[in-house]
Amino acid sequence: MEVNPPKQEHLLALKVMRLTKPTLFTNIPVTCEEKDLPGDLFNQLMRDDPSTVNGAETLMLGEMLTLPQNFGNIFLGETFSSYISVHNDSNQVVKDILVKADLQTSSQRLNLSASNTTVTELTPDCCIDDVIHHEVKEIGTHILVCAVSYTTQGGEKMYFRKFFKFQVLKPLDVKTKFYNAETDEVFLEAQIQNITTSPMFMEKVSLEPSIMYNVTELNSVSQAGECVSTFGSRAYLQPMDTRQYLYCLKPKKEFAEKAGIIKGVTVIGKLDIVWKTNLGERGRLQTSQLQRMAPGYGDVRLSLEAIPDTVNLEEPFHITCKITNCSSERTMDLVLEMCNTSSIHWCGISGRQLGKLHPSSSLCLALTLLSSVQGLQSVSGLRLTDTFLKRTYEYDDIAQVCVVSSAIEVES
């Protein structure tokens, strides 16, 4: 009968502990009224308990802090830190010690060791310490692999390793919506939900725009000359709560003037989110590049550059239109026709030549009109005809204007 030799014990011991902020110690208060059978016994025990708050013994939170007993929850965007210690438990001098720490994710294996050099020798009751840090950028299962190799006094090479598995969870749920204005402005609404089990302090939520846009944050109001957050002075996000952030993006002048550039799918930018959890632990997430489908304007785009909000009944007023050739190849020869409606009447010559409009170029046009009906009236009736292709483009409901009686003074 074959007998296996006993497994040799290693001379070195490996200990790994995650470095994280401590938590407040909690206890479950047990109390009763004085007329009950235990009398004041439970209350006295709580007063004598060193973990309770003096004078507020019935509170669950105490004055003590507790160190983490396990790896706990690790969230995407946080920094994973761990303390690694190799201790010589034997009475021998160990030589050529090498400690390696790798982090295995679903897509890659990362070396986290601060130093990959070999320690010449380790005397009894001495240890080798190392602290590793890693910003977590993937969700799912992570495995910390710690490997130790060394040489005994007898020249025998030894090797062992340990595995520590933990899950990386998603801390936030981010949803985005785009709203296209009548102008070239784009409004972005970002809905951010805390899907952890503890409150978060939202330190920063900003939008980093692409090179094509300038951004304006719409998450504060001016009060007494100071900018005040619309969410109040306390930017806490409770578990499962959602908060909406709003941003306005406007194309830069050099891009807005070139009609052919902002077409199809365009990159808007990315969100940068920074938060803090219990006792100031920090996390940061950046979304991938946000994209939106730019609205199609066809071959010719007509937009309003200037129009009054309120006008007097049966009195002429002026608007400024911008006509853009959205084609990147074809020159257009345009004719403008102005068709009256039941309430809107155009002043000027209809059917006039606007001349040639080269690809991706624009021209501004001042027009005069009046309204014969009070109330909110829609500006309609413009027609552009390309004489090269004999194609007519109709523009109705371009904008709305409030028409009031001339007896009411209109604010300028």
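A residue is called buried when its relative accessible area is under 20%. The legends below refer to a predicted model.

**Figure 1. Overview of the protein chain in the predicted model.** Of the 412 residues in the protein chain, 37% are buried. The secondary structure consists of two helices and 33 strands. The accessible surface of the chain amounts to about 24200 Å², and carbon and sulfur atoms account for 51% of this area. When contacts between residues at least 6 apart in sequence are considered, 69% of them join residues at least 24 apart.

**Figure 2. Close-up of the open sheet formed by β28, β26, β31 and β32.** Strands of a sheet pair through backbone hydrogen bonds, either parallel or antiparallel. The four strands shown here follow the order β28-β26-β31-β32, and their pairing is antiparallel. From one strand to the next, the twist averages 25°.

**Figure 3. Close-up of the pairing between β26 and β28.** Strand β26 comprises residues 332–338 and is joined to β28 by five bridges. The two strands run antiparallel. Within this pair, L334 stands opposite G355, a residue of β28.

Figure 4. T310 stands opposite C402, which lies in β33.

**Figure 5. Close-up of S405 and its surroundings.** S405 is located in the segment after β33 (399–404). The relative accessible area of S405 is 24%; because buried residues must fall under 20% and exposed residues must lie over 50%, S405 is classed as partly exposed. Apart from its neighbours within four places in sequence, S405 is in contact with N312, L313 and Q374. S405 and N312 are separated by 93 residues in sequence, while their C-alpha atoms are 5.7 Å apart in space.

Methods. Residues are numbered from 1 along each chain as its sequence is written. This is a predicted model: local features need pLDDT of at least 70, side-chain atom pairs count only at pLDDT 80 or more; totals for chains, interfaces and linings use all residues. Side-chain values use heavy atoms; hydrogens and water are left out. Buried means under 20% relative accessible area, exposed over 50%, partly exposed in between (1.4 Å probe, protein chains only). Contact means heavy atoms within 4.5 Å. Accessible areas come from the Shrake-Rupley method with a 1.4 Å probe; for residues, only the protein chains shown count as cover. Two strands pair if DSSP finds at least two bridges between them. Axes are lines fitted to C-alpha atoms, for helices over the stretch in contact, and angles run from 0 to 180 degrees between N-to-C directions.
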